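Colleague: I am new to this structure. Please take one part and look at it closely, then connect it to the rest.

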Amino acid sequence: VTGNTVILYNQPIPGMVIEPALFKNSNLREIRDEGSGTVISVGAEAFMGCGSASYFSLPDMTTASADAFNGCSGVNTFSFPSLATIGDRCFLDCMSTVTFNLPSLSAVGDRCFENCTLASTMTFSASLSSAGIACFHNCISMPFFDMPNLITAGAQCFENCTSATFILPSLATAGHYCFKGCSSATGFSFAALTFAGVEFFNGCISAISFQLPLVTSVYDACF
């Protein structure tokens with residue numbers, strides 16, 4: 001540790017794991033992995049509540065557990081090119097983050113990006129197939145979600161994404177309130193969707209087209 005900067009290793013130690021809650025609620029400002037193939041896994045709550053942190057460099061991290069970066073409210077950009085798996089609430093309340101560059105990420109759990117209110121760019125793997133409950137809830141600055149292979153979205157997944165339009169051609173299953181309050185979307189076209197739950201499109205005040213050819217069940221206050 002140098003001042004408010006953690007340099008994890010400047011020599012390679014393959015397979016290093018940052019233990020759960022190791023830096024929780026600390027005043028760290030920068031976290032840098034300067035080894036080669038060093039940190040591959042970050043434990044639950046490892047950096048939770050590090051509200052002063054502004055920069056993370058963990059280029060070889062492949063796994064981040066639940067709440068790993070929850071409440072890191074000062075980070076403008078998260079760029080983790082190797083990150084493939086994240087736990088629930090991993091980036092919850094990262095309210096200053098504009099860019100998430102996670103090109104290897106193929107599945108996201110519950111509330112992972114909830115309340116990331118300034119996020120306007122999110123890059124995931126094209127193979128991303130599932131997103132959990134309230135995963136993108138309140139991502140009010142996202143202009144669009146283009147996820148060609150997303151099949152499953154949990155309840156409230158995109159609720160209150162007030163600026164977004166949606167390109168989700170493979171979506172087949174989505175929970176209640178999934179698109180509630182998505183007030184900028186002018187249309188929804190889900191060729192594989194079979195179920196539209198409670199308040200599913202409630203508050204989608206700009207939508208003029210709903211193309212849902214396989215939907216056979218529509219629940220209360222859906223539109």
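Modeller: C112 is buried, at 0% relative accessibility. Here buried means under 20% relative accessible area, exposed means over 50%, and partly exposed is the range in between, all with a 1.4 Å probe on protein chains only. The model is predicted, so local features need pLDDT of at least 70 and side-chain atom pairs pLDDT 80 or more, while totals for chains, interfaces and linings use all residues. Residues are numbered from 1 along each chain as its sequence is written, and side-chain values use heavy atoms, with hydrogens and water left out.

The closest cysteine sulfur to that of C112 belongs to C135, at 4.9 Å, which is too far for a bond. A disulfide is a pair of cysteine sulfur atoms within 2.5 Å. C116 is also buried, with a relative accessible area of 0%. Its sulfur has C94 as the closest cysteine partner, and at 5.2 Å the two are too far apart for a bond. The structure holds zero disulfides.

A134 lies in the loop between β12 (130-131) and β13; strands are DSSP runs of E of at least two residues, and helices are runs of H or I of at least four, numbered from the N terminus. A134 is not a glycine, yet its phi is positive, at about 55°. A134 is buried, at 4% relative accessibility.

Strand β13 (144-146) leads on to the largest pocket: β13 and β11 (121-123) each give at least two residues to its lining. A pocket is found on a 1 Å grid over the protein atoms alone: it is an open set of points where a 1.4 Å probe fits, with protein on both sides within 12 Å along at least five of seven lines, and its lining residues have an atom within 4 Å of a point. The volume of the largest pocket is about 210 Å³, taken as the space filled by probe spheres set on grid points that are joined across faces, edges and corners. Its lining has 16 residues, and M122, T123, F124, D146 and M147 lie nearest the centre. By type, the lining has ten nonpolar residues, five polar and one charged. Nonpolar here covers Ala, Val, Leu, Ile, Met, Phe, Trp, Tyr, Cys and Pro; charged covers Asp, Glu, Lys and Arg; the others, Gly among them, are polar.

Positive phi occurs again at R89, a residue other than glycine, with a value near 60°. R89 is partly exposed, at 27% relative accessibility. D67 and R89 form a salt bridge, with the closest N and O atoms 2.8 Å apart. This pair links distant parts of the chain, 22 residues apart: D67 is in the loop between β6 (63-64) and β7 (77-79), and R89 in the loop between β8 (85-86) and β9 (99-101). A salt bridge is a side-chain nitrogen of Lys or Arg within 4 Å of a carboxyl oxygen of Asp or Glu.

The structure holds five salt bridges. Among them, R32 and E30 meet at 2.8 Å, N to O. R32 is partly exposed at 22%, and E30 is partly exposed at 27%. K180 is partly exposed at 24%. K180 forms a salt bridge with E199, the closest N and O atoms being 2.7 Å apart. That pair links parts 19 residues apart, with K180 in the loop between β16 (173-174) and β17 (187-189) and E199 in the loop between β18 (195-196) and β19 (209-211).

The structure holds 37 aromatic pairs. One of them, F56 with F78, is stacked, at 5.8 Å centre to centre and 25° between the planes. F56 in β5 (residues 55-57) and F78 in β7 are 22 residues apart, so the pair links distant parts of the chain. Rings of Phe, Tyr and Trp (its six-membered ring) pair if their centres lie within 6.5 Å; planes under 30 degrees apart are stacked, over 60 edge-to-face, and the rest tilted. F56 is buried at 5%, and F78 is buried at 0%. F201 and F223 form another stacked pair, at 5.5 Å centre to centre and 15° between the planes. F201 is in the loop between β18 and β19 and F223 in the segment after β20 (217-218), so the pair ties together parts 22 residues apart in sequence. F201 is buried, at 1%, whereas F223 is exposed, at 53%.
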